[in-house]
Structure formats: C-alpha cells, structure tokens
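Morning, everyone. Please look at the screen while I talk. I'll go through charged pairs, then the sheet, then a surface patch.

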Amino acid sequence: MWERIALQLPSAYAPVRTLEIDSYYTPINPLMSKIVQKGQSSDIETEEQRFPTCGTRTLDGTQRTSYGNAKMILIVGFCADFIRVLVTLTRPLSDYVLQFLYGLFMGATKQLPPIENKILLIPATELAEKIRKRQLSCEEVMKAYIERAKQVHPYINAAVDERYEDALKDARNIDKFLASGVKSEEDIARDTPLLGVPFTCKEAIGVKGMKQTSGLVRHKDRVAEEDSHSAGFYRKAGAIPVTVTDVPELCMWWESSNRVNGLTKNPYDNTRTVGGSSGGEGAIITSAGALFGIGNDIAGSIRIPSSFCGIYGHKPSR
C-alpha cells in the first residue's frame, strides 16, 4: 500500500520545509527533525523513538523529550541564512573568498586526459546503427568505454561498481549473434534498437549483481538481486550495463558524497559541486566514461547534475 508522509526538513537544509514523497519504503534520515504520518497513526518511528538518548528521565522513570536539538537546529538555520545573505550582498568579493577556501580543501583541478578514441564521440543512436550494420564491432565499442572509464575514475570518483569482464562477454556474444545473420537489420532495429550500446546507471536504482547501497555504510555490501524496471528496459532494448555510479546518502541531497564511496568531483572544476542526486552519472557521462545513463528525478536529481556538468538531462513526464 502506498503511504504519503511529510518530511519536515530543518531550515538549514532546505528552503521548503515540507517535501511530500510517495514510496513503498521511505528511509529515515537522521538530519530530518520530525516525521509525521498524515491522516492516521503510523508505525514509522519518530525521532524520539529512534534517538531516546536525546531525552531525560524523570524520577518515576518516564521519558521526557529534550528540546535542545530543536534549538540547535534553529540556531544553525539562522546562521546559515545569515551567511547566505552575507555572501549574496558581498559579491563578487565573496566569490573570490569562497574560491580560495574551496581550493584549499579540494585541491587543484586536474585536467582530464584528452579523448583520443573517436568512438567515444559517436551519439548513441548512430553507434547502435553502426553496430547493427557491423561497421563497428560491439567488443571494440565496449573496450573503448571501459578503457575511458578506468582512465577518468581517479579524476572524478564516479563509479562505485563495475562489470567490465561481463560486459565484454556480452559484447562478444552480440558480435557472434550479428555474424550469424539470424535477424535482419530492420528486425534488430525494431526489437532491440540499442543492441550493443553500453550504459551506466545510478547505483540506487539497481542493476542485478551490482552494488546498491544508496550511500549508506550499513548497506555497503548490499548487491541488487534483480534489475530495476528501467535497467531491465534498457537490457531488453539490447543495451549493456557497465558501471553503477555514486549518489548522496539516500539520494537526499544535491552533493554526491557519502561515507561509502566518497565525493564525486566535477570534471571541469574540482572546487565546484557535481550536483545530485544523480551526480555520478553527470560526472562520468561528461568525462566520456559513459555514453548515456539512467538517473531519477523528484526535485532536480537529473536536471541539476546535467546543468552543473554541461550535458543533456531529461526528466520524463511519465
């Protein structure tokens, strides 16, 4: 059964105080100050239940809730608002100061290796056509993208899991299938329009046999047992999954960083955020380590990384 819950966000983290989400399972983020079930009682734990040490016990042993955390959130929110206004009013001076501070913490930006293999510049539909017509072998295409992904990973830290060997096996099988002539080019274009084209996927979405941690330490060894619907559709169209990419914890922020995989860096400038929550996809596609990929978007999780990384992102209406 679908549940609609309201997530009350501290003012330090979001200008909109309430975000409504539909989900079969909605994880609880400790940063959220309160969780309220609309319309009926809920089995979802409140903050007081999750963090009982935040309260104090009376002489009769009952639990009394402390409001210290709420006060601290208000103070942090006020300070964040003050800094935001100060930075806005003192531009462009504040931009130079922030650029200096970011540089101290993030280090100098290392320029990505140049793109030498021209296969990496071919659009997906054109590449699929060349593979169908055997103008390029699927294995050749796959090797080009795997080599590039390995090359750029130390610069951007976008991939969290890979299936390079399996992807190469899939590519060789496709080449054998095409050589057999079992199906015509027209039938292949109709039934599997993306045959042999490599793709990547946001790790929280799920690709069978690959990590699906959502950036949580407690789930750092979790592996997807089956393909998500979107990844399954890509496979059905003939595309081959290669890597899954980084996200913020629970995909609840627009900076793609977590304690499992670390920080994904913007390929253009390490002092600038890559965006989120599909930031790993934005970084690896921009770096030509992937041709196209799967993300999801509620409040900008595809559009923000695309904008920050200078690529095309699309949030479907359905």
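Which side chain meets Arg91 in a salt bridge? Asp95 does, at 3.5 Å from N to O. Keep in mind that this is a predicted model.

How open is that pair? Arg91 is exposed, because its relative accessibility is 51% and the cut-off for exposed is over 50%. Asp95 is partly exposed, at 35%.

Side chains of opposite charge can pair when their charged atoms come close. The count for this model is 13 salt bridges. I'll take a few more of them.

Next, Lys220 and Asp221. Their closest N and O atoms are 3.3 Å apart, and they form a salt bridge. Asp221 is exposed at 59% relative accessibility. Lys220 is partly exposed, at 41%.

Now Lys315 and Asp297. This salt bridge has its closest N and O atoms 4.0 Å apart. Where do the two partners lie? Lys315 sits in the segment after helix H10, residues 303–309, and Asp297 sits in the loop between E11 and H10. The pair therefore ties together parts that are 18 residues apart in sequence. Is Asp297 buried or exposed? Buried, because its relative accessible area is 12% and the cut-off is under 20%. Lys315 is partly exposed, at 35%.

There is also a network. Lys183, Asp187, Arg190 and Asp191 are joined by salt bridges that share partners.

On to the sheet. It is open, with 4 strands in the order E6-E8-E7-E11 and mixed pairing. Which strands are at the edges? Strand E6, 159–162, and strand E11, 293–294; each of them pairs on one side only. Strands of a sheet pair through backbone hydrogen bonds, either parallel or antiparallel. E6 and strand E8, residues 240–245, run antiparallel and are joined by 3 bridges. Look at Glu162: its bridge partner in E8 is Thr243.

Two helices to point out here. Helix H5, residues 138–156, packs on the sheet and touches E6, strand E7 (198–202) and E8. The direction of H5 makes about 10 degrees with that of E8. Helix H6, residues 164–180, lies across E6 and E8. H6 runs at about 160 degrees to E8.

Last item, the surface. Which residues form the nonpolar patch? Leu93, Val97, Phe100, Leu101, Tyr102, Leu104 and Phe105. Together they have about 780 Å² of accessible area. Leu93 belongs to helix H3, residues 93–106. Leu93 counts as exposed, at 57% relative accessibility.

That's my tour. Over to you.

Conventions: Residues are numbered from 1 along each chain as its sequence is written. This is a predicted model: local features need pLDDT of at least 70, side-chain atom pairs count only at pLDDT 80 or more; totals for chains, interfaces and linings use all residues. Side-chain values use heavy atoms; hydrogens and water are left out. Patches are made of residues with over 30% relative accessible area and no salt bridge: like charges are joined within 9 Å, nonpolar side chains (Val, Leu, Ile, Met, Phe, Trp, Tyr) within 5 Å. Accessible areas come from the Shrake-Rupley method with a 1.4 Å probe; for residues, only the protein chains shown count as cover. Buried means under 20% relative accessible area, exposed over 50%, partly exposed in between (1.4 Å probe, protein chains only). Two strands pair if DSSP finds at least two bridges between them. Contact means heavy atoms within 4.5 Å. Axes are lines fitted to C-alpha atoms, for helices over the stretch in contact, and angles run from 0 to 180 degrees between N-to-C directions.
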